[in-house]
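Hi,

Here is the structure I promised to pass on.

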Amino acid sequence: MMIFVVKTIANAGALAVAVWLLDKITLTGDSTGKKIGTLIVVALLFGLVNFLVKPLVKLLSLPLLILTLGLFTLVVNALMLLLTSWLADKLDLSFHVEGFWTAVLGGLIISVVSWALHVVLPDGD
């Protein structure tokens with residue numbers, strides 16, 4: 001359970017950094033508490049998308065991943081972020097990613113920040 005909480009906090013932090021750095025990734029809300037709540041729900045949604053959909057997409061795109069020496073992973077990450085944005089819109093969450101190239105840059109930022117947070121946060125070991 002502790003690992004799940006740490007991963008969710010790391011995802012929320014990484015999403016917050018992407019929202020802060022990129023103008024076309026938006027998170028709106030009336031108050032800071034509402035924004036934090038939305039960010040945590042979006043982080044859970046992002047984690048669920050990465051757990052359920054990403055392995056299938058990576059398996060189906062394996063030839064492209066091999067051909068590009070793994071750089072196609074940036075596209076897969078962008079698609080997962082766009083899917084999360086679409087699902088957040090369907091769930092009336094105030095999180096939106098505008099455009100593919102914003103999603104690519106956002107996915108890169110989220111990957112780097114999430115990795116850095118996983119290094120410093122305890123993982124229950």
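L44 is partly exposed at a relative accessible area of 36% (buried is under 20%, exposed over 50%, partly exposed in between, with a 1.4 Å probe and protein chains only). You'll find L44 in helix α2 (helices are DSSP runs of H or I, at least four residues, and strands runs of E, at least two, numbered from the N terminus).

Before going on: this is a predicted model, where local features need pLDDT of at least 70 and side-chain atom pairs count only at pLDDT 80 or more, while totals for chains, interfaces and linings use all residues. Residues are numbered from 1 along each chain as its sequence is written, and side-chain values use heavy atoms, leaving out hydrogens and water.

Now for the helix pair. The axes of α5 (residues 72–90) and α6 (residues 100–120) come within 8 Å and cross at roughly 105° (axes are lines fitted to C-alpha atoms, for helices over the stretch in contact, and angles run from 0 to 180 degrees between N-to-C directions). That makes α5 roughly perpendicular to α6, a label for angles of 65 to 115 degrees. Where they meet, α5 contributes residues including L74, L81 and L82, and α6 residues including F100, L108 and I110.

Last, G29 sits in the loop between β1 (25–27) and α2. G29 is partly exposed, at 32% relative accessibility. Beyond its neighbours within four places in sequence, G29 is in contact with K35 and S94 (contact means heavy atoms within 4.5 Å). From G29 to M80 is 51 residues in sequence and 23 Å in space, C-alpha to C-alpha.

Cheers

Methods. Parallel < 35°, antiparallel > 145°, perpendicular 65-115°, else oblique.
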